[in-house]
Amino acid sequence: MESQGEVIAGLRAAFHTGVTIPLEFRLTELKGLLALMEENEDQILEALHRDLRKPKFEAAISEIEIVKNDICHAINNLKTWMLPEYVGTNMATKFDSVFIRRQPFGVVLIIGAWNYPLQLILLPLVGAIAAGNCALLKPSEISQATEALLAELIPKYLSKECYVVTCGGAEDTRRLLENRFDHIFYTGSQAVARKILLAAAVHLTPVTLELGGKTPCLIYGRIDMRILAKRIVWAKYFNAGQSCVAPDYILCTKETQDALLPLIREALDAFYGPDPQKCPDVGRIVTDKHWSHLMDLLGKSKGKVVIGGESTQEEKYIAPTVLVDVEETDILMQEEIFGPILPILTVETLEEAITFVNAREKPLALYVFSDEPQVVTTVMESTNSGGFCANDGILQMTLPTLPFGGVGASGMGCYHGRYTYETFSHKRACLLRSSGLERIGALRYPPYSDYRLSWLRWATTTKKGSCSLL
């Protein structure tokens, strides 16, 4: 078995041959990745069920279709993405060819996460391939079945010289980060992200960090409460709450809370039946360790459990749970919950809710539910988050035409669709000039004079435009 250094050296040697540069190679590899998804769907579904007991429906839309859509989007648009981007000039460069040329970084490292173990390793890979990079993939060791399946399938469908899967635990990842890469793409926790930043700093390696945070869900004003309850329940308890964009807590008035709780019970019963533990559409917590952590949070919370709360350690099961009377100092409000536990905090005004959100780290997503356009606009303009969605949840990250990424503590950089291609591309500034027209170029040469300076200022100055507010 090759050492980590030998694997990376092999990838770098492959990149330097130029094999990944042509459009035809990139399209061939993207089509190979699409074939991997289409020809192994049953195996993929089985692995995801073993890791998280993901229902087929949830696995299909959040792990398989989202990746296939992104691949097809890249295949359909890659030729256009690769074209030079011509930019404006001034009088001094009017006769030059001036453009941005996107070039691959080289050898990139992609580190996936356990909650969506297929999507979160393959979506970045789509952009890495499209941009012409070689890639080393490190799936999460926590989702063992999916990790093993990726290690088996990737070499069958993609170039073995250009794309390699490496498996192992935290220590293996630590040693991996001692090597030089041209870009690192990481999805996971803030704690590990800090270690990755420190390791990347040694080699001045650029990084993309897709993290998380406490995603707020604001409810205010006129709204159809029954529809609202269904959409929040679906977004929160999808994948057993183990989604970085799941609503982490609700902010609403006491009156809204009282009206909402029976409708949440109604939605849960309609979705999962009277005993969610027996429902095949309810996933499980990924490991005993994660289950114990969630139960510890629930046990130490001073909030009141009004829905759910049941659990079974042998199955790593926690019922969809809702708490009220939760204070902002409660243990549930100190970190991202990442499980099927939903606290409700009450406020008196929309301004109080916005102040509450803005007093905390910028979240990966922010949701507002209201049929009043002014409420939606006020929240959107008065807050900051990676993504924003009104009157639904999660959907903002399903489109390849929208960037997905955090801001501040919830991450840096973005991806999906063309944004992944851009993330893995260096934008090279290019100016092509002939050896003619030297009379114009000679104005910059010594001996300097005020006459030459005035001409250069005229030729290079950006003229002031006009801006009017309607």
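Mentor: Quick definition before we dig in: a helix here is a DSSP run of H or I with at least four residues, numbered from the N terminus. And keep in mind that this is a predicted model.

Trainee: Got it. Where is Arg 53 found, then?

Mentor: In the loop between helix H3 (41–52) and helix H4 (56–81). Arg 53 isn't a glycine, yet its phi is positive, about 50 degrees. Most residues other than glycine have a negative phi.

Trainee: Why is Arg 53 called partly exposed?

Mentor: Buried needs under 20% relative accessible area and exposed needs over 50%. Arg 53 has 22%, so it counts as partly exposed.

Trainee: And what makes Asn 391 buried?

Mentor: Its relative accessible area is 18%, and the cut-off is under 20%, so buried it is. Asn 391 also has a positive phi, near 65 degrees, and sits in the loop between strand E16 (387–390) and strand E17 (411–412).

Trainee: Why are H9 and H10 called oblique to each other?

Mentor: Their axes cross at roughly 60 degrees and come within 8 Å. Under 35 degrees would be roughly parallel, and roughly perpendicular starts at 65, so H9 and H10 end up oblique. Their crossing is right-handed. Among the contact residues are Trp 234 of H9 and Phe 271 of H10, and the contact as a whole divides into 14 nonpolar, 1 polar and 3 charged residues.

Trainee: Last one: how do you know that the peptide bond joining Pro 446 and Pro 447 is cis?

Mentor: Omega is about 0 degrees there. Pro 447 lies in the loop between helix H15 (438–441) and helix H16 (450–460).

Key
Residues are numbered from 1 along each chain as its sequence is written. This is a predicted model: local features need pLDDT of at least 70, side-chain atom pairs count only at pLDDT 80 or more; totals for chains, interfaces and linings use all residues. Side-chain values use heavy atoms; hydrogens and water are left out. Helices (H or I, at least four residues) and strands (E, at least two) are DSSP runs, numbered from the N terminus. Buried means under 20% relative accessible area, exposed over 50%, partly exposed in between (1.4 Å probe, protein chains only). Axes are lines fitted to C-alpha atoms, for helices over the stretch in contact, and angles run from 0 to 180 degrees between N-to-C directions. Angles under 35 degrees count as roughly parallel, over 145 as roughly antiparallel, 65 to 115 as roughly perpendicular and the rest as oblique. A crossing is left-handed if the near helix is turned anticlockwise from the far one by less than a right angle, and right-handed if clockwise. Contact means heavy atoms within 4.5 Å. Ala, Val, Leu, Ile, Met, Phe, Trp, Tyr, Cys and Pro count as nonpolar, Asp, Glu, Lys and Arg as charged, and the others, Gly among them, as polar.
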